[in-house]
Each structure stands twice: as structure tokens, then as C-alpha cells.
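Reader: Please walk me through this structure as a friendly tutorial, one feature at a time. I would like each general idea first and then the case itself.

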Amino acid sequence: MNIKFKLLKKFPDGNEQEVDWGNLAQPYPAKKGIPDWLTQQPAEYDDGGKTIKKCQPFLDGLTTGYIIPFPDNMTLRLKGKYDFEISGPGGRFISAHGYMQYNNSWFKDRLVIKFNNPWIIETPHNYSSYIFHPNGKNVKPFYTIPAIVDTDCYNLSIALPFVCYENKIGKEIEITKGTPMAQIIPFKREKWQISIEEADHKQWENSQKELWNDPNNFYLKHIKQKKEYN
């Protein structure tokens, strides 16, 4: 399967000449963006137990899919509860998000800013993209709002709104080139049906014994399936 990120060198206002298109930060496989804190995290603690660095489900969540980084450097200055100003070359990719569009949400008391992502995402027929805040990344003070887009037929760049937790008036926030803004996981659209059933106690018991016999390697040896995102 192939996912394409197509750079759209166009803005509605026609000011494309202000952007250094050849030097923007580009999307990349999530596995190439392991955060420093995880690299520095010991794999075991004193008594030999494994840490989060060896937690396979967590690592899969961190390394699956692709990352869209912020294209260039910019500084954002808070002028009011729902008002801001921007400076720096990356500011061309930022715009305001109307407060009335989210004034009944859990983040209604925070500023929401729109990242005008310059990449059109293209996936094969019947494949959509789950777009969400990058797993394992401490991108302060922002939270990218999750969404699903049918990227097999959406021929536009996807605007990515993010919540700004900082609310101190006059505060300046730097977004550096390459800051991970969103994680993308393509998936096939299929019809699903929920069912509620009683679990097989014997099967659970056998799996539980296997886990106890090898708690540090059980998931890696018996559960984890190969995934490739290049």
C-alpha cells in the first residue's frame, strides 16, 4: 500500500511567494521520530522489571503511521482569550478558528488555532486516515484535535485545529520547524458489527499462565504482529 503526501504550493490569498517551499519540514514515518525522553528511558528498573520502553502496545502506538511536522519556525503571541498574533515564516500556515464553532466543547475556554497543513494526503481506494495528536510527544502547550478524513477522495489539504492550553495574555509561544503536529494512521473502511458475549474462561486462564511464565516477553513473542510504515 502507498500513502502520498503532496505539497500544495498555493494559498487562498495568493501569497505563495513568501514561503521557502523547498525547505519546509516534510512528513515522515512515525518510527523515525522516537522522542528523546524514551531514548533516555532505561529499559529495566533495578529489580529487572521492564519499563515503558519495552511495552509493545505503547511502542506500536508511538511508531505506527506517519507524522506531519510544522513546516517552519514561528512565534505566537496571545493577545486575548481568543485572540493572537503571529510572526516568523511559519506563520503563513496558521489561521484563527472561530470560537462559535466550539463554544460548547470541553475546550471552550481555550483558544483553538488552525494549522493550515500544506500537504494533501492521498490513500488508496477504500482507505481513510485517522489523524490525531502525536503519541508520546509532549508538544506543549498544544493538543491536536483528532479527526478521520476519507483521504482516498479528499483532494484538499486538511486543516488541523489544535487547542492552546496556555492562556496567559502576552505570552509568546515558539513553534519550531519540525515540531510534530499530527500523527496519521491509514486504515481500510470496513463494515463492523458489535456483539456482547461471555468470555472463554479457559482460554483466558491459559493465556494468563503464559503471561505469568514470561511476563517480559509474552506479548512480543505471542501477540505482536508485524507492521510496516516506510
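Author: Pro141, for instance, lies in the loop between S9 and S10. The model is predicted, so local features need pLDDT of at least 70 and side-chain atom pairs count only at pLDDT 80 or more, while totals for chains, interfaces and linings use all residues. Residues are numbered from 1 along each chain as its sequence is written, and side-chain values use heavy atoms, without hydrogens and water.

Reader: Which peptide bond does Pro141 share with Lys140, and what is its omega?

Author: Most peptide bonds are trans, and most residues other than glycine have a negative phi. Lys140 and Pro141 are joined by a cis peptide bond, with omega about -10°. Asn126 sits in the loop between strand S8 (119-122) and S9.

Reader: Is Asn126 buried, exposed or partly exposed, and why?

Author: Buried means under 20% relative accessible area, exposed over 50%, and partly exposed in between (1.4 Å probe, protein chains only). Asn126 has 30% relative accessibility, so Asn126 counts as partly exposed.

Reader: How many helices and strands does the protein chain have, and what box do its C-alpha atoms fill?

Author: The protein chain has 4 helices and 14 strands. Along the principal axes, the C-alpha atoms of the chain fill a box of roughly 65 × 45 × 40 Å. Among its 230 residues, 37% count as buried.

Reader: What share of the contacts joins residues 24 or more positions apart?

Author: A contact means heavy atoms within 4.5 Å. Taking the contacts in the protein chain with a separation of 6 or more, 68% join residues 24 or more positions apart. Ile169 gives a local case: Ile169 and Lys79 are 90 residues apart in sequence, yet their C-alpha atoms are 5.5 Å apart in space. Not counting residues up to four places away in sequence, Ile169 touches Leu78, Lys79, Gly80 and Lys81. Ile169 is in the loop between S12 and strand S13 (172-175), and counts as partly exposed because its relative accessibility is 48%.

Reader: In what order do the 4 strands of the open sheet come?

Author: Two strands pair if DSSP finds at least two bridges between them. The open sheet has the order S6-S7-S12-S10, with antiparallel pairing. Its edge strands are S6 (94-96) and S10 (142-144), each pairing on one side only. Neighbouring strands of this sheet are turned by 35° against each other on average, direction ignored; the axes are lines fitted to C-alpha atoms, for helices over the stretch in contact, and angles run from 0 to 180 degrees between N-to-C directions. Inside the sheet, 6 bridges join S7 (residues 111-116) to S12 (residues 159-164), and Ile113 stands opposite Phe162 in S12.

Reader: How many residues lie between S4 and S5 in their hairpin?

Author: The hairpin of S4 and S5 has 2 residues between the strands. Strand S4 (residues 74-80) and strand S5 (residues 83-87) are antiparallel, paired over 5 bridges. Arg77 stands opposite Glu85 in S5.

Reader: Which side chains make polar contacts with Ser128?

Author: A polar contact is a pair of N or O atoms within 3.5 Å; within protein, one must be able to donate a hydrogen and the other to accept it, and residues adjacent in sequence count only if both atoms are side-chain atoms. The Ser128 side chain has such a contact with the side chain of Asp150 at 2.6 Å, and another with that of Arg189 at 2.8 Å. Ser128 belongs to strand S9 (residues 127-132) and counts as buried because its relative accessibility is 1%. Leaving aside neighbours within four places in sequence, Ser128 also contacts others, including Thr123, Ile148 and Phe187.

Reader: How many aromatic pairs does the search find?

Author: Rings of Phe, Tyr and Trp (its six-membered ring) pair if their centres lie within 6.5 Å; planes under 30 degrees apart count as stacked, over 60 as edge-to-face and the rest as tilted. The whole structure holds 14 aromatic pairs. Tyr130 and Phe132 are stacked, because their ring centres are 4.6 Å apart and their planes stand at 20°. Tyr130 counts as partly exposed at 34% relative accessibility, whereas Phe132 is buried at 6%. Elsewhere, Tyr82, Tyr99, Tyr102, Trp106, Phe107 and Tyr143 form one aromatic cluster.
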